[in-house]
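User: Could you walk me through this model? I would like to begin with its core.

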Amino acid sequence: MRLTLSDPTVAVRVPKGGFNQKTGGNWIFKVSTDGTKAYKTDIRLGRQNPDYFEVLEGLKPGDRVITSSYEGYEKMGELDLKANTQ
């Protein structure tokens, strides 16, 4: 069962994932437009529900992000992304 306590609103949101445990919701890796890199980007999260965080600052609609665990990546500012060709 889900309970809604406010009127529906339009918001930028990201799925909940392991990234929040290491970042405290203060930053996220945002994927470049060509998909080859991801950059550490400051964000500010707002409300949440069981599935999503509301993003108040730092992302715009359509931005792609990495939400999995950042274990071992906390000190990196940039990630090189490679496609799996197998």
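**Core and sheet**

Analyst: In this predicted model, the largest nonpolar core has 15 residues, among which V14, F19, I28, I43, V55 and L59 touch the most other members. Such a core is a set of buried Ala, Val, Leu, Ile, Met, Phe, Trp, Tyr and Cys residues joined through side-chain atoms within 4.5 Å; buried means under 20% relative accessible area with a 1.4 Å probe, protein chains only.

User: Which elements give two or more residues to this core?

Analyst: They are β1 (12–15), β2 (27–31) and β5 (52–57). The largest share, four residues, comes from β2. Strands here are DSSP runs (E, at least two residues), numbered from the N terminus.

User: What does I43 touch, leaving out residues up to four places away in sequence?

Analyst: I43 touches F19, G25, N26, W27, I28, V55, E57, G58 and L59, where a contact means heavy atoms within 4.5 Å.

User: Turning to the sheet, what is the order of its four strands?

Analyst: The open sheet runs β6-β2-β3-β7, with antiparallel pairing; two strands pair if DSSP finds at least two bridges between them. Its edge strands, β6 (65–66) and β7 (78–80), each pair on one side only.

User: How many bridges join β2 and β6?

Analyst: Two bridges, in the antiparallel sense. F29 has I66 of β6 as its bridge partner.

Technical notes: Residues numbered from 1 in each chain as written. Predicted model: local features only at pLDDT ≥ 70, side-chain atom pairs only at ≥ 80, totals over all residues. Heavy atoms only, no water. Buried < 20%, exposed > 50% of the residue type's maximum accessible area, 1.4 Å probe, protein only.
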